[in-house]
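Biologist: Could you walk me through this one? I would like to ask about a few spots as we go.

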Amino acid sequence: MNHHLFRYLYTVLSTIFMLALLAASTGCSRRPDTRLTRIAAIVSDHPEMALQDLDSINPDGLSESDRHFHDFLTIKARDKASVPHVSDSLILDVIDYYSAHQSDPIYPEALYYGGRVHYELGDYPTALQYFQQALDNPGHAPDTTDLKNRLNSQIGWLLCDLRLYQRAIPYFSQMLKDKMDERDSIGIVFAQQGLGGAYYDLGTLSDIDSTRNDLLNKADSILSRSLDYTVKLPNAFGANSRIFLAAVKQATGDIGTAVNLIRHTPD
């Protein structure tokens, strides 16, 4: 065989081989099942519809990557639809798969739902671990800002459940800052309720009068401001803020104002 022809064939075959390896390792050789991409587009706003569509797809007929995508969307749809999580087996399998494909935009959100599932199951340490891991690695998420806000909120409330109120404050504060920048009234109110609630709990636990008063005053100020943002929101937002604020007023001895705040609050 001609020496130059041999070198040419060797180069061509080597290139083909390397491209095949690259395609196999990155998983870029095929697009996701179009049914799944359509479901992914509606799952946040219409989770019940997404669950129905997911149930109509037989996972056994999907490729490995699409099967894990199907499982991820199922977990997300259940969470959005407030369907109780009763096991962590499915999310653990999803996380295990995407941990080997960390450049995939789904990876940080899979970690987020790892936190959501374990939070609901009562495994707070594991939930916190997944939430923090997702917060530290949000770079490839489709909407990084939204994911960070959800994570700050979830971590804040989880720490409050653990009575770690001081540790919760920075997460609620960051969420409030981001939501103020976005002018997102709903997000602002949620953040203020969390932040005000953390200051209230810290205040009621303090044995030092000056510290107690300072913390309760902070809670009062934050929760009072939250009422300004609830004017154009559904009644539940204002009702929750009034309940939080009434607790603060009661703790400071202002019983009359506390009663007035909750007197006309819907059941």
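Biologist: How much space lies in the second largest pocket?

Modeller: About 400 Å³ of space lies in that pocket, and please keep in mind that we are looking at a predicted model.

Biologist: Which residues lie nearest its centre?

Modeller: The lining of the second largest pocket is made up of 18 residues, and those nearest the centre are Tyr 112, Arg 150, Ser 153, Gln 154 and Phe 190. The elements that contribute two or more residues to this lining are H4, H6, helix H8 (144–161), helix H9 (165–182) and H10.

Biologist: And which of them gives the largest share of the lining?

Modeller: That is H8, which supplies six residues to the lining of the second largest pocket.

Biologist: You mentioned Arg 150; which residues is it linked with in a network of salt bridges?

Modeller: Arg 150 belongs to a network of salt bridges together with Lys 76, Glu 109 and Asp 146.

Biologist: How many salt bridges does a search of the whole structure find?

Modeller: The search finds 13. One of them joins Asp 53 to Arg 38, with their closest N and O atoms 3.3 Å apart. Asp 53 sits in helix H3 (residues 47–55) while Arg 38 sits in helix H2 (residues 34–42), so this pair ties together parts that are 15 residues apart in sequence.

Biologist: Is Asp 53 buried or exposed?

Modeller: Asp 53 is buried, because its relative accessible area is 19% and the cut-off for buried is under 20%.

Biologist: What about Arg 67, which residue does it meet in a salt bridge at 4.0 Å?

Modeller: At that distance, N to O, the side chain of Arg 67 meets the side chain of Asp 71. Both lie in helix H4 (residues 64–80), and because they are four residues apart there, about one helical turn separates them. Asp 71 is buried at a relative accessible area of 10%, whereas Arg 67 counts as partly exposed at 29%.
Arg 67 also forms a salt bridge with Asp 93, where the closest N and O atoms are 3.9 Å apart. This second pair links distant parts of the chain, since Arg 67 is in helix H4 and Asp 93 is in helix H5 (residues 89–99), 26 residues away.

Biologist: Staying with H5, which of its residues are buried?

Modeller: The buried residues there include Ile 91, Val 94, Ile 95, Tyr 97 and Tyr 98. Looking down the axis of H5, its buried residues fall within an arc of 160 degrees, so they line one face of the helix. They pack against H4, H6 and helix H7 (124–136).

Biologist: New topic: how many residues does the largest nonpolar core have?

Modeller: The largest nonpolar core has 62 residues, and Phe 72, Leu 73 and Phe 131 have the most contacts inside it. Helix H6 (residues 106–121) gives the most to this core, with eight residues. As general background, nonpolar side chains tend to be buried together in soluble globular proteins.

Biologist: What is Leu 73 in contact with, leaving aside its neighbours within four places in sequence?

Modeller: With those neighbours set aside, Leu 73 is in contact with Leu 36, Ile 39, Ala 40, Val 43 and Leu 54.

Biologist: Last one: where is Gln 192 found?

Modeller: Gln 192 is found in helix H10 (residues 185–205), and it is buried, with a relative accessible area of 2%. Beyond its neighbours within four places in sequence, Gln 192 has contacts that include Leu 176, Ile 222, Arg 225 and Tyr 229.

How values were computed:
Residues are numbered from 1 along each chain as its sequence is written. This is a predicted model: local features need pLDDT of at least 70, side-chain atom pairs count only at pLDDT 80 or more; totals for chains, interfaces and linings use all residues. Side-chain values use heavy atoms; hydrogens and water are left out. Buried means under 20% relative accessible area, exposed over 50%, partly exposed in between (1.4 Å probe, protein chains only). Contact means heavy atoms within 4.5 Å. A nonpolar core is a set of buried Ala, Val, Leu, Ile, Met, Phe, Trp, Tyr and Cys residues joined through side-chain atoms within 4.5 Å. The arc is that of the directions from the helix axis to the C-beta atoms. On a 1 Å grid over the protein atoms alone, a cavity is a set of points where a 1.4 Å probe fits but cannot get out, and a pocket is an open set with protein on both sides within 12 Å along at least five of seven lines; lining residues have an atom within 4 Å of a point. Grid points are joined across faces, edges and corners, and a volume is the space filled by probe spheres set on the points.
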